[in-house]
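This report goes through the structure shown below, one region at a time. Terms are given their cut-offs where they come up.

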Amino acid sequence: MPEFAVWAPKPKLVRLDVDGAVYPMTPYSDGWWRLTVDTAPDARYGYLLDDDPTVLPDPRSARQPDGVHERSQLWDPPDASGAAVWTDADWTGRSVEGAVIYELHLGTFTPGGTFDSAIEKLDNLVDLGVDFVELMPVNAFSGTHGWGYDGVLWYAVHEPYGGPDGLVSFVDACHRRGLGVLIDAVFNHLGPSGNYLPRFGPYLSSASNPWGEGINIADAESDEVRRYIIDCALRWMRDFHADGLRLDAVHALVDTTAIHILEELAAETDALAEQLGRRLSLVAESDLNDPRLITPRSDCGYGLTAQWDDDIHHAIHAAVSGERQGYYADFGSLATLATTLRNGFFHAGTYSSFRRRRHGRPLDASRIPATRLLAYTCTHDQVGNRAVGDRPSQNLSYGQLAVKAALVFGSPYTAMLFMGEEWGASRPFQFFSSHPEPELARATAEGRKQEFAEHGWDADDIPDPQDPQTFYRSKLDWDEADAGEHARLRRAYQDLIALRRNEPDLADPWLDHLAIDYDEDRGWIVMRRGRLTVACNLGTEPVTLPVHGEVVLAWGEPMLAADSIVLEGYSFAVVRTRSRRRVT
């Protein structure tokens, strides 16, 4: 018989409703209410608080078949139920450090927008050379489609994607193909629709962030809230066999306790990895440029595996595209690009004109390998948070896209790409939502227009996130992937990834082994990594670079001379030299 348990220190009375039958629950001094009831294994249930007749879903619900406002449904993971579903018993995981990660949104990755339809495209990712699939949030959120960052039932899997059974099938299919799986987890705020947690207890804090009220991880009665977060994180990795998590906007986790929740989570993740006998990774998204996130706990850090590095993105994108608005203002020169590639962060205790203050902290490159930072040319944020969701491929030439890819995959950093980037997908990735409440829907659309109007965009050009066409426009067009220049770009990505995997010099994670030369006026930059040199022309005119050797990969038609190479405009070449470049 299943035991029903819920932490609800706020109400004076909690009753369990199972398929319409109501049972009083037993309170305990720690704020938990418990009751064991003989029910069907797929029973629908919820909780009645005090004298309110509304049945509320379980805060730790595993499944919400009718959406986040309705009853929960019992669901046991395959290992617990004994069902013969998992086939990945031999999977021991793989390291995120130095890998190639592919970020995707389940709803727009395929026309079907489900786990099952996504499985049909996994062989394409294997062929590309990807090591990990990173899923944008798949937790339960209100409505049928959205980005997933407005989740309100963190333990449940979004039903339109295929629910928990669909996620099990997807992860298992990835592991059969040698692909690891990371799941994007959002613990810094809750969505505005279907958030019933405050009815149960003090889940929210007095702090706030740009996306809503903050989570109570440091105020009174926060111990159980912290446990709620950590148990949820571990559950993705234990019950769904995920190989790790991408932790959304950890800078918004306001923790004033002596042991930061990220450090606590990292320690428990390492313990779970040892128990399961497979590698587990935690990758943080943070705009703090704080290397303490990825510093080992033995050195007074938090001990996370890796973190996103927006400085690398900004430096590459601004240098290639010429954009300078907003946070790109401090970027754009080849000197800035070289500094960022050499040091990991550009803002490392230096002045940020966008923030109008000092920002960041230097990375100790002698102790922290570059593979603990993620480099990328675009992400869901850097595309979807543009006013019209336009991709770099909608504004740049294929040569420019190829140069950006060479700078990422030729660097010492862990590489990540966003779905469709590899073929220069022509469709946008826009911000979309499907809030069922008319007032919330209207506020979301108006807020989006106001936000971008303040940044100089024409409000009339900004798509309505509630319009279903905004969602459908954002779906990938797989038919174009094998056509013309799209296919040529994909081959370049494939070749760069293969070179990265097969060449030991490109696996060297230490920044003090990286040498960079550049010419600001002529628009070229060169990364020297052992015997391999990655040479890029970011300008429109041909340039002669001081590089010689054998060309092993190129975009364009480079011409070799005795001690130099000529690159066409917007092109790159990877050259193998006769002797290893020593960096002093």
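## Basis of the report

Contact, as used here, means heavy atoms within 4.5 Å. This is a predicted model, in which local features need pLDDT of at least 70 and side-chain atom pairs count only at pLDDT 80 or more, while totals for chains, interfaces and linings use all residues. Residues are numbered from 1 along each chain as its sequence is written, and side-chain values use heavy atoms, with hydrogens and water left out.

## Annotated positions

The unreviewed UniProt entry lists Asp248 and Glu285 under "active site". UniProt positions follow the numbering used here, feature names are shortened, and annotations may be inferred rather than shown by experiment. Although the two are spread over 38 residues of sequence, they cluster in space, with a largest C-alpha distance of 5.3 Å. Helices (H or I, at least four residues) and strands (E, at least two) are DSSP runs, numbered from the N terminus. On that basis Asp248 is in the loop between β15 (244-247) and α8 (261-276), and Glu285 is in the loop between β16 (281-284) and β17 (306-308).

A residue is buried under 20% relative accessible area, exposed over 50% and partly exposed in between, with a 1.4 Å probe and protein chains only. Asp248 counts as buried because its relative accessibility is 9%, and Glu285 counts as buried because its value is 12%. Leaving out residues up to four places away in sequence, Glu285 touches Arg246, Leu247, Asp248, Ala249, Val250, His251, Trp308 and Asp381. With the same exclusion, Asp248 touches Tyr149, Asp184, Ala185, Val186, Asn188 and Glu285. A polar atom of the Glu285 side chain also lies 2.8 Å from the backbone nitrogen of Ala249.

Two strands pair if DSSP finds at least two bridges between them. Eight strands close into a barrel with parallel pairing, in the order β8-β9-β12-β15-β16-β17-β20-β21. From one strand to the next the twist averages 30°; axes are lines fitted to C-alpha atoms, for helices over the stretch in contact, and angles run from 0 to 180 degrees between N-to-C directions.

Strands β8 (residues 100-104) and β21 (residues 414-418) pair in the parallel sense over four bridges. Ile101 has Met416 as its bridge partner in β21.

## His189

The loop between β12 (180-185) and α6 (197-200) holds His189. His189 is buried because its relative accessible area is 3%. Setting aside residues up to four places away in sequence, His189 touches Tyr149, Asp150, Trp154, Asn209, Trp211, Glu213 and Ile215.

A polar contact is a pair of N or O atoms within 3.5 Å; within protein, one must be able to donate a hydrogen and the other to accept it, and residues adjacent in sequence count only if both atoms are side-chain atoms. The His189 side chain makes such a contact with the side chain of Asn188 at 2.6 Å. The His189 side chain also reaches the backbone oxygen of Tyr149 at 3.0 Å.

## Helix α9

How far should the 12 residues of helix α9 (residues 310-321) span? At 1.5 Å a residue they should span 16 Å, and the end C-alpha atoms are 16 Å apart, which agrees. The expected span is 1.5 Å times one less than the number of residues. At the start of α9, a side-chain oxygen of Asp309 comes to within 3.1 Å of the backbone nitrogen of Asp311. After α9 comes Gly322, with a positive phi near 85°.

Helix α9 is mostly covered, with 10 of its 12 residues buried. These buried residues pack against α10 (334-343), β20 (373-376), α11 (380-384) and α12 (398-409).

## Strand β2 and its partners

Strand β2 (residues 14-18) is largely enclosed by the rest of the structure, because four of its five residues are buried. Five bridges join β2 to strand β6 (residues 44-49) in the antiparallel sense, and Val14 has Leu49 as its bridge partner in β6.

Strand β3 (residues 21-24) is also antiparallel to β2, joined by four bridges. Leu16 stands opposite Tyr23 in β3. β2 and β3 form a hairpin with two residues between them, and Asp19 in the turn has a positive phi of about 50°.

## Ala233

Helix α7 (residues 223-238) contains Ala233, which is buried because its relative accessible area is 0%. Apart from neighbours within four places in sequence, Ala233 is in contact with Phe187, Leu245 and Leu265.
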